[in-house]
Every structure is written in C-alpha cells, then in structure tokens.
Amino acid sequence: MMKATAGRADAIQASVGPDFQSFPGSLPMPPTETGYKTEKRIQERKRTRLRSGKLVTLDGQFLTECHFHNIAGGGARIRTVTQARVPNRFWLFDDQHGSALMTEVVWHKDGDFGVRFIQDTGVLPLNDTILSALAGKYYTL
C-alpha cells in the first residue's frame, strides 16, 4: 500500500524538479532581483494550465478544490475554487498524478496561496483508499 503512494508522490516530485528533497531548511543562495520584485525561489517555476487539485487536511478530510498557477521544485502557487478555511499545513492532492504532497502555507492573498512542500515523519501519508476517493470524478470523504 505504501509503495503505491510513494510511487505517485515520486511522479509529482519528478514533475517539479530533481531538487525537491533538498528544499526543506534554509535557502542555499541569497535571493536575486528580477524586475521590481525580489525572487526568493531556489528553482525555476513551471507555469501550469488548467491543472487541478484538492486541499485535504492532514487527517484526510477534503477542504476544497484548487487550481495550480505554477509549480516549482520546492512549492507551488495555487488558487482555491471556493472560499474555505485553509490550515497552515495540509495535503495538496494533484489530480494529474493522483498523489498528494504535504504543504505549508508561506503566503496568502484572497484565494491565492503560496505553499512549500514539506516532510513530516510524524504525519502518516494518505492511504490508498483516500487517494482513490480523491482521484474519482465524484469523491466523498
């Protein structure tokens, strides 16, 4: 059961870049200036089009749907579809890959959120039953 979950998470990690595992912790280099804003990302972001996902509490309860604006090796920018109370840490389910990564909110404005991917060995990964339910066209948890 855990191998299937790990395989799907590996697919997301591969799509966002090879340095995903090195993200937790401090930034290895100082931010650089790009235009009028300070760039704080370690890795280049990849724009996404019509990529959907779901926010799920750490204990597996569905919160709301979302769209990915962009994704990078260490995190993503998402927009929630409906207004919902979003906790500081949650699972971000990627509909394209059928898996979830644990995230932590870095910033938010209205329905937009910047999240970074994190690891916490104290939190059990979502099981295959929950992942299958989230991947279905009509899901209930």
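**Close-up views of a predicted model**

View 1. Leaving aside residues up to four places away in sequence, G114 touches A76, E104, V105, V106 and W107. G114 belongs to strand 8, which covers residues 112-117. Its relative accessibility is 4%, so G114 counts as buried; the cut-off for buried is under 20%.

**View 2. G114 and I71.** In sequence, 43 residues separate G114 and I71. In space, their C-alpha atoms are 9.7 Å apart.

View 3. T103 sits in strand 7, residues 99-109. T103 counts as buried because its relative accessibility is 0%.

**View 4. Strands at the two ends of the confidence range.** Among the elements of the protein, strand 6 (residues 89-94) has the highest mean pLDDT, 97. Strand 1 (residues 32-34) has the lowest, 47. For the protein, the average pLDDT is 77, and 63% of the residues score at least 70.

**View 5. Stretches with pLDDT below 50.** Residues 1-5 form one such stretch, with pLDDT below 50. Beyond near neighbours in sequence, residues 1-5 have eight contacts in the model. Residues 16-33 also have pLDDT below 50. This second stretch has 28 contacts in the model, again beyond near neighbours in sequence.

How values were computed. Residues numbered from 1 in each chain as written. Predicted model: local features only at pLDDT ≥ 70, side-chain atom pairs only at ≥ 80, totals over all residues. Heavy atoms only, no water. Helix = DSSP H or I, 4+ residues; strand = E, 2+ residues; numbered from the N terminus. Buried < 20%, exposed > 50% of the residue type's maximum accessible area, 1.4 Å probe, protein only. Contact = heavy atoms within 4.5 Å. pLDDT = per-residue confidence, 0-100.
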